[in-house]
Amino acid sequence: MKQITIPILLEDVAIYNDPQGTVDVTNPATQEIIAKVPVVGEEGSKEAIEAADKSFKEWSKTSSDERSSRLRKVFEILSERSDDIAFILTSEQGKPLREAKAEIEYAAQYFLWFSEEAKRIFGKVRDIGSGKEMAVRRYPIGVCGLITPWNFPIAMLARKVAAALAAGCTVLAKPSMETPLSAIALAHVLREAEIPQGVCNILCGDGATIVSVWMDDERVRKISFTGSTETGKLLIGQSAKTVKKLTLELGGNAPCIVFSDCDLEKTLDAVIHAKFRNAGQTCISINRFIVQESIQERFVQGLIERVSRLTVGDGRDSKTDIGPLINKKAVEKVARLVSDACANKAKLAYGQSPNLQSLFVSPIVLTDVSQDMQISCEEVFGPVCAVQTFRNDDEAAEIANRSIHGLASYVFTKSYDRFRKFLPLLEYGMVGFNENNLSLVSAPFGGIKQSGFGREGGTEGIEEYQRVQYLAVGNF
Ligand code: NAD
């Protein structure tokens, strides 16, 4: 198996004059330390704001054509390097290499998409009569603080950085300390693409320390956060101090509604991907299988057949379908949810409760799950299929919506007419109809309810990084 030691290029990590030591990055598959990353505290965070603010004065004045060509260069370099960066990503995060490569390609696509969107920043003008007009202009909002999680360490950062830079903003970026290397690799690519110094500043260190400095500083105009609902709520409170614009991409609890008239074989093949990608550690992972009673037995049988063919192992091994979970806490959470479900009369139809001594968790299928169990209310973030049943369409919608979250949902039926009537009942920001892939750079990704607000990607993505100015033009 290929081995790596990852050189940390100090130019790619903002340490400024505030060295606070290093943090170890470990490979979850082996527990080996693969890198030591320099971290910053309050002083470094202040210096980074200074650098981003200074660079904003120049970057915001560049033409959108120039920003477009620089971002296109990032796309090209990231695409060329996808094998190497995928290896770094798998080594720190654990997902299978082919998934890591797909994530890099997806991340690169954001730079391509926003390189095009940069050219389509338009305002509008309306003739309001009597020789007067009104106009709406869009400007880059300013310095933006970006905070990202460990589950898609490069894609989540790319969809923020690409949109912000396209709009003409400069950024401070704080990756998760579980997976800082992918972010550092991205910073390196930006440097190679000649994005000027100070435009994208990667800050490694304690989230609460770094982000509270941003929250106090008037020059940071916007915060874009992807992570848990719990942390998101803290940030809403802190951002009140200087009234910052927010984008929050928070947790999910995706229902997958399987109607009796679905194409069962195709549905089963599709749900395996939506459940087991990244070992189930995905905000849009299916969390609850809600299956029509009349087909539940055949559905569970087909699910078990497929699940039993999945291989758990080190993501660097080409045979691996499911890598390790990110850390011990994640395994403990899965064990708690499975144990609570079983104690409340769910049946363990396949697999066994996780071994707490290992980060590798084999697939589990639970049946007879009900909506009041912890597993139906919390994000599982692990390879567990929790199956419950419904009788009619209204009941399916009622179960699906019984969640504080509203991010992704999936519906499988051959009847478009049935789906069309069902769709308005679903309180979710995103719906997959006979489709398991919601991650598209051209789509407005995001949720409602406690899954957050704002959208990333699509034509909407760039607006999150703009301020709008309305202008009234008189007639003399
Ligand atoms: P997390 O909230 O623990 O951490 C996310 C980021 O916030 C990390 O960089 C972390 O260091 C930082 N952070 C943590 N506490 C902080 C604080 N007090 N102040 C400032 N920063 C702080 O989430 P996680 O465990 O890294 O990620 C998993 C979560 O992310 C899941 O809930 C998942 O659903 C969600 N997620 C959502 C989306 C989406 O698009 N909606 C995408 C991916 C992941």
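Which residues does Q466 touch, not counting residues up to four places away in sequence? The list is I121, R138, Y139, I141, A167 and K245. Contact here means heavy atoms within 4.5 Å. Q466 is found in strand β20, residues 466-473. Q466 is buried, with a relative accessible area of 4%. Buried means under 20% relative accessible area, exposed over 50%, partly exposed in between, using a 1.4 Å probe and protein chains only.

Some ground rules. This is a predicted model, with local features needing pLDDT of at least 70 and side-chain atom pairs counting only at pLDDT 80 or more, while totals for chains, interfaces and linings use all residues. Residues are numbered from 1 along each chain as its sequence is written, and side-chain values use heavy atoms, with hydrogens and water left out. Helices (H or I, at least four residues) and strands (E, at least two) are DSSP runs, numbered from the N terminus.

Now the helix pairs. Two packed helices are described by the angle between their axes and the distance between the axes. Axes are lines fitted to C-alpha atoms, for helices over the stretch in contact, and angles run from 0 to 180 degrees between N-to-C directions.

Take α2, residues 64-80, and α4, residues 97-117. Their axes come within 8 Å and cross at roughly 165°. The two helices are therefore roughly antiparallel to each other. For the angle classes, under 35 degrees is roughly parallel, over 145 roughly antiparallel, 65 to 115 roughly perpendicular, and the rest oblique. The crossing of α2 over α4 is left-handed. That means the near helix is turned anticlockwise from the far one by less than a right angle; clockwise would be right-handed. On the α2 side, the contact residues are S68, L71, R72, V74, F75, L78 and S79. They meet I104, A107, A108, Q109, F111, L112, F114, S115 and E116 in α4. By class, the contact of α2 with α4 has ten nonpolar, four polar and two charged residues. Nonpolar covers Ala, Val, Leu, Ile, Met, Phe, Trp, Tyr, Cys and Pro; charged covers Asp, Glu, Lys and Arg; the others, Gly among them, are polar.

Next, α3, residues 82-93, against α4. Again the axes come within 8 Å, and they cross at roughly 120°. So α3 and α4 are oblique to each other. Here the crossing is right-handed. From α3 the contact uses S82, D83, I85, A86, F87, L89 and T90. From α4 come L97, A100, K101, E103, I104 and E105. The contact of α3 with α4 divides into seven nonpolar, two polar and four charged residues.

V441 sits in the loop between β17 (430-433) and β18. What does V441 contact, leaving aside its neighbours within four places in sequence? Y106, Q109, Y110, W113, G457 and G458. V441 counts as buried, at 12% relative accessibility.

On to K275, in helix α9. Buried or exposed? K275 is buried, with a relative accessible area of 1%. Beyond four places in sequence, K275 touches G280, S285, I286, F289, G382, V384 and C385. A polar atom of the K275 side chain lies 3.4 Å from the backbone oxygen of G382. K275 and F114 are 161 residues apart in sequence, and 29 Å apart in space, C-alpha to C-alpha.

N278 has a positive phi of about 55°, although it is not a glycine. N278 is also buried, at 2% relative accessible area. Q31 is another non-glycine with a positive phi, about 70°. Q31 is in the loop between β1 (22-26) and β2 (33-38).

Last stop, Q371. Q371 lies in the loop between β13 (364-367) and α12 (374-377). Its relative accessible area is 9%, so Q371 is buried. The side chains of Q371 and Q388 are joined by a polar contact of 3.0 Å. A polar contact is a pair of N or O atoms within 3.5 Å; within protein, one must be able to donate a hydrogen and the other to accept it, and residues adjacent in sequence count only if both atoms are side-chain atoms. I399 is among the residues Q371 touches. I399 is also one of the buried residues of helix α13, residues 393-401. The cover over those buried residues includes β10, β11, β14, α14 and β18.
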